[in-house]
Amino acid sequence: MAVGSRLVLVLMVLAAAGCRSSSSGGGSTGNPPNPPNPSSGLDQRPSNLTCLAPALNSGGGGTIALAPVFASLAFSEPLAMLQAPGDSSRWFVLQKTGRVRAFQNTPNVAAFDTDFIDLPAFRAGFNAGGEGGLLGMAFHPSYASNRFVYLSWTETGPSQSWPLVSIVARFTASASGQTLDPQTYQEILRVNQPYTNHNGGQITFGPDGYLYFGLGDGGSGGDPQGHGQDTTDVLGDMLRIDVDGAAPYTIPSTNPFFTTPGAKCPADHTSATNCPEIYASGLRNPWRWSFDRANGDLWVGDVGQGAREEIDRVQRGGNYGWNCREGSIAYPSPTQSCSATFVSPVHDYDRNLGASVTGGYVYRGSALPALVGRYVFGDFISGRIWRLNPNGSGGFTSEQLLDTGYSISSFGEANDGELYVVDYSGGDLYRIVDGGGGQPGQPPVATQLSATGCVSQQNPALPASGLIPYTVGAPFWSDGATKERWLAVPNGTTIQVQADGDFVFPPGAVLMKHFRLGAILVETRLFMRHPDGTWAGYSYEWNQQQTDATLVQGGKTAMVAGQNWIFPSGNDCLTCHTAAAGFALGLETAQLNRDFTYAATGRTANQLATLDAIGLFAAPLGNPSTHPQLANPTDTAATLSARARAYLHTNCANCHRTGGPTPSSMDWRYSTALQNTLACNAPPQAGDLGLGANARIIAAGNPSLSVLVERINRRGDVNAMPPLASNVVDQAGVMLIRDWITSLTTCM
């Protein structure tokens, strides 16, 4: 396991395809040894009976589990799932890229219905860049009779100052209900967006029959324009409008800033008076919110800046503090007066638990009696799911229900009140079910490294006999540590290699890594794919005698060899080992396509040829020369461009890639052409970090105006990259990226 940004690996949660035949160098135990192969560093595949990922505790804490649903359907960047009022026969899933996929609510459904709508097909300006795209959908409460459906999305804005515009529009479904008719498009409202993040975008009808629209502060780190506290524009607010009155909408007279009937705020935020659409204010980026179907309470997950994630129970006229407050703490740099009265969140949590809250629902189903009446929510980055429990004094405490490792973009509530989870990166849907027991917080792995079966019991600094060593071409920066790496797969299973060169490991596989500072063994990390397909990471801290290592639960920082070494928590691991990158990192053809000296035989051979010769791949890989090779960033014999792109691929592309968990639209995979990374000469999407109005993510030829350089040269604040698990700047890496940017004359 490694923590921090690393290369992209798309390791799908699939079972392996079985063992290779003995005629192809089979991996089953009991086969006679293969004769020595001069092109292979090993003579045969070692038998692995001890280093195997154990089963996870049932229910991940004894309360809930996730059951895959509609497994035959594949979704692209799904953001929400919902059902029409009174009709449980179908589901509708919103894809960020602009399509609404509809399908029958049957367990074994094998195909989608006709697309409910494909926005890019008829809206030429549709723009899914950054955090934009198809963000919300709401059925009119009287949908069964009027067939009205409302969508919220972003399009390219009117100017460079307004790169996006948020639109809410109404459509009418066909008589059969199979599709939305584009010809029935009726725009309800539009809001100019100053940046491509913090767009909010969810729309939902409240129990009062009004349409609610949640908008973020418009983007840029810290809300320097103060939209969250400025009620003369609608950014950073919850809006409430009446779409059943005069077109396109009217203002409910009970809205806090209602004055003159017919008055509305303009899209370009030029109002001199308070916007009557506002229902509540002071929100940073309300990401997924819901009404309790039992009492109408409005629960909102509001994404934090860099310290706190919060849950708010929003009421009419409430000011929820941003950007004077972040969760329960003062925000350090407000841009305006903070004399207003703020409503405190009902719950907030820090970055040790997650980094992007996803609002959920108060459970009102019947399958899970212990959850009834409890608010269930999650975190997009950490994948954790919690519920809130009353504390007896009018407040709430949180209880973790499950640590999923998924990129939870939203929860879905069926008409029967049962809850579902949408995994953005994996493109899968899950139902929340009874977990069936288990001990809360009890890890499935041994407390001592020597008892895991992955190291020698006589000398835990050495691997067990079933592990295979490997190295990578472009190592990830780990605060100056050197690393030794091994992989272990269960006997009778193989590794699949995808078309892009990424390795797909079978359930039960383990990746192990030693970290040394000088000669001192500091940490060993195990990254395991458990039998149910779930990936999880475990960190072991070596004792001073260097005789064994002990499991670290929850993460810690300790002084080792004169520096503060960070032992990651399991959630830290999965923050960087993203589902978009396939969880496991460092194992792909481009990284392993190089020579390695195998201690077991003393031979030096290509790693791909070796793994192929011993039958570890599900299908023959062929000549390594036909596969790409990633440059080593320190190899001055390679081109400057190849070295820099390899560095960014390893250290950044696990998050910064298509489908990744960041709000940025950058793609730092080495195979992506520079002009397609959406970084070169592109304005920064989260603030200029003091570099000025001419700052760019990469300013070709000018590293001093390049936010990328500024970020990788920082530690200890929210703008640092990587954002966690590193205390030491990689000075050589910074210099490499500076030199590369200096050499750029164009973005081609």
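Modeller: A cavity is a set of points on a 1 Å grid over the protein atoms alone where a 1.4 Å probe fits but cannot get out, and its lining residues have an atom within 4 Å of a point. Grid points are joined across faces, edges and corners, and the volume is the space filled by probe spheres set on the points. This is a predicted model, in which local features need pLDDT of at least 70 and side-chain atom pairs count only at pLDDT 80 or more, while totals for chains, interfaces and linings use all residues. Residues are numbered from 1 along each chain as its sequence is written, and side-chain values use heavy atoms, with hydrogens and water left out.

Colleague: How much space lies in the largest cavity?

Modeller: Rolling a probe the size of a water molecule over the atoms shows where empty space is left. Here that gives six cavities of 30 Å³ or more. The space in the largest cavity comes to about 110 Å³.

Colleague: Which element gives the largest share of that cavity's lining?

Modeller: Twelve residues line the largest cavity, and those closest to its centre are Tyr647, Asn651, Ile712, Met721 and Pro722. Elements here are DSSP runs numbered from the N terminus: helices (H or I, at least four residues) and strands (E, at least two). The largest share of the lining, three residues, comes from helix H6.

Colleague: How many of the 13 residues of H6 are buried?

Modeller: Buried means under 20% relative accessible area, exposed over 50%, and partly exposed in between (1.4 Å probe, protein chains only). Among the buried residues of H6 are Arg643, Tyr647, Leu648 and Asn651. H6 is mostly covered, and its count of buried residues is ten.

Colleague: Which elements are included in what covers the buried residues of H8?

Modeller: The buried residues of H8 are Gly733, Val734, Leu736, Ile737, Trp740 and Ile741. Seen down the axis of H8, they fall within an arc of 160 degrees (the arc of the directions from the helix axis to the C-beta atoms), so they line one face of the helix. The face turned away from that buried side carries the exposed residues Gln731 and Ala732. What covers the buried residues includes helix H6 (640-652) and helix H7 (707-712).

Colleague: How far apart are the end C-alpha atoms of H8?

Modeller: The expected span of a helix is 1.5 Å times one less than its number of residues. H8 covers residues 731-743, so its 13 residues should span 18 Å, and the distance between its end C-alpha atoms agrees at 18 Å.

Colleague: Let's move to Arg90. Which residue's backbone oxygen does its side chain reach?

Modeller: Arg90 sits in strand S3 (residues 87-95), and it counts as buried because its relative accessibility is 6%. Leaving aside neighbours within four places in sequence, its contacts (heavy atoms within 4.5 Å) include Phe103, Asp113 and Phe116. A polar contact is a pair of N or O atoms within 3.5 Å; within protein, one must be able to donate a hydrogen and the other to accept it, and residues adjacent in sequence count only if both atoms are side-chain atoms. At 2.4 Å, the side chain of Arg90 reaches the backbone oxygen of Gly177.

Colleague: And Gln229: at what distance does its side chain reach the backbone oxygen of Trp322?

Modeller: Gln229 is in the loop between S11 and S12, and at 17% relative accessibility it counts as buried. Leaving aside neighbours within four places in sequence, it is in contact with several residues, including Trp322, Asn323 and Cys324. Its side chain reaches the backbone oxygen of Trp322 at 2.8 Å.

Colleague: What is omega for the peptide bond between Trp322 and Asn323?

Modeller: Most residues other than glycine have a negative phi, and most peptide bonds are trans. Asn323 lies in the loop between strand S16 (308-314) and strand S17 (325-326). The bond joining Trp322 and Asn323 is cis, with omega about 10 degrees.

Colleague: What is phi of Asp223?

Modeller: Asp223 lies in the loop between strand S11 (211-214) and S12. At 0% relative accessibility, it counts as buried. Its phi is positive although it is a residue other than glycine, with a value near 55 degrees.

Terms used:
1 Å grid on protein atoms, 1.4 Å probe; cavity = no way out; pocket = protein on both sides within 12 Å on 5 of 7 lines; lining within 4 Å.
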